[in-house]
Amino acid sequence: RDRTPPPAYRVRATGVVLLLAAMHCCSLPDVSAAPSRTRSLPARVAAAGGIERWNSQDGLRTTAEMLRRSVTASSVDEALEQVRSLTALGHLIHAYTYMRRLYEKDAELYYATILAAPDELLPVVYTPTVGEACQKFGLIPMSARGCYVSIAQRGHFIDVLREYASAHLAREPDGTYACDCIVFSDGGRILGLGDLGAWGMGIPIGKLDLYTVCAGVNPHRTVPILLDMGVSDASGNTARIDIRTHPLYTGLVQPRSMSASAAGTKVNTAYYGDGNVIEELMSAAVQLFGRHVLLQFEDFNSNDAFPLLQAMRERFLTYNDDIQGTAAVTVAGILGGLRLRHPAERDLVPLLKNETFLFHGAGSANIGA
């Protein structure tokens with residue numbers, strides 16, 4: 001399939017010329033003409049009658065109106081001036097909500113603004129701020145970005161993906177939906193914060209933003225997915241937030257179905273066996289978007305992350321960023337250090353046996369490395 005990039009524009013940021021494909025050439029379909037989304041919204045948002053009605057309730061209505069009135073920028077300079085007035089306060093969660101609203105208002109301006117000051121704004125739209133944003137995701141007005149697939153829709157995942165695609169993706173010349181990359185999480189281990197359930201959507205959204213800003217991935221050809229399997233009680237997250245009973249929790253109000261694996265670890269029951277939900281989700285994505293679509297696991301609990309990667313890595317174009325991505329950067333850093341020490345050496349791998357490595361902790365990245 002022809003992947004020749006469209007005409008592009010350049011934005012100079014912190015001395016580095018970054019390239020971003022001109023997004024207007026692959027613009028989104030007319031959302032106003034698309035069918036109203038019901039399947040691909042979070043469970044409670046759909047039950048409330050959609051995004052607009054959800055945001056009209058107490059606790060969100062005033063915030064939504066304040067953001068609508070305050071995010072008025074129509075140029076990069078104006079957007080930078082407005083967001084910097086918030087970062088100057090020293091608490092980046094306010095700048096995060098500003099940027100989320102800017103994306104909703106004008107996605108091209110959103111990315112151009114980040115490209116103009118990536119050193120300032122990447123920490124706003126992703127780590128470290130995204131962790132707090134996920135803990136408070138229900139307090140931020142709901143936006144249309146992001147596809148929610150719940151265990152209650154088992155057997156119909158392809159219909160959920162199709163509904164989202166029809167509203168948010170353009171089509172290829174052959175009529176298939178244009179999607180290159182999907183980042184999906186079940187919210188089970190958001191950073192080091194624990195189980196945040198459907199509020200974990202901030203992670204797939206933020207990771208895809210990194211891919212656009214740092215690698216030029218066309219954001220109109222991506223889908224952030226939150227696989228809603230329920231959520232733990234307050235004991236399941238480090239801040240002890242009782243997410244499941246929170247009046248602004250967007251997802252399924254039910255616990256996860258957990259069981260013991262053969263190794264004695266605690267795992268999500270629905271992820272294993274014939275016709276499990278992971279297999280259904282990935283198969284539906286390939287059926288709808290083609291085998292070229294990258295399916296990235298993100299922030300799954302380690303007890304599930306390793307066996308799921310092992311089961312799916314030879315069947316789909318997939319990888320786990322927490323295990324393989326961070327580890328790859330770590331290994332690259334080590335090899336880069338060896339290159340500095342031995343600039344004339346062509347094969348660095350044998351030199352690794354001469355080094356001593358300390359792995360602090362036993363998380364996904366350490367074990368992956």
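Q: Which helix provides the largest share of the lining of the largest pocket?
A: This is a predicted model, in which local features need pLDDT of at least 70, side-chain atom pairs count only at pLDDT 80 or more, and totals for chains, interfaces and linings use all residues. Residues are numbered from 1 along each chain as its sequence is written, and side-chain values use heavy atoms, leaving out hydrogens and water. A pocket here is an open set of points on a 1 Å grid over the protein atoms alone where a 1.4 Å probe fits, with protein on both sides within 12 Å along at least five of seven lines, and lining residues have an atom within 4 Å of a point. Seven lining residues, the largest share, come from H5.

Q: Which residues lie nearest the centre of the largest pocket?
A: The pocket is lined by 41 residues. Elements giving two or more of them are H2 (51-55), H3 (61-70), H5 (93-105), H6 (107-116), H9 (157-168) and strand E5 (222-228), where helices (H or I, at least four residues) and strands (E, at least two) are DSSP runs numbered from the N terminus. Nearest the centre lie Glu104, Met142, Ser143, Ala144 and Arg145.

Q: Which residues is Met99 in contact with, leaving aside its neighbours within four places in sequence?
A: Contact means heavy atoms within 4.5 Å. Beyond its sequence neighbours, Met99 touches Val83, Tyr110, Ile114, Leu121, Val124 and Val125.

Q: Which residue does a cis peptide bond join to Thr127?
A: Most peptide bonds are trans. Here the cis bond has an omega of about 10 degrees. Look in the loop between H7 and H8 for the partner of Thr127, Pro128.

Q: Why does Asp299 count as buried, and what is its relative accessible area?
A: Asp299 sits in the loop between strand E8 (294-297) and H12 (302-312), and has a positive phi of about 55 degrees although it is not a glycine. Buried means under 20% relative accessible area, exposed over 50%, and partly exposed in between (1.4 Å probe, protein chains only). Asp299 is therefore buried, because its relative accessible area is 1%.

Q: Which residue's side chain makes a polar contact with the side chain of Asp299?
A: A polar contact is a pair of N or O atoms within 3.5 Å; within protein, one must be able to donate a hydrogen and the other to accept it, and residues adjacent in sequence count only if both atoms are side-chain atoms. The side chain of Asp299 also has a polar atom 3.1 Å from the backbone nitrogen of Leu191. Its side-chain partner, at 3.1 Å, is Arg189.

Q: Is Leu191 buried or partly exposed, and with what relative accessible area?
A: Leu191 lies in the loop between strand E4 (181-185) and H10. Its phi is near 50 degrees, a positive value in a residue other than glycine. Leu191 is partly exposed because its relative accessible area is 26%.
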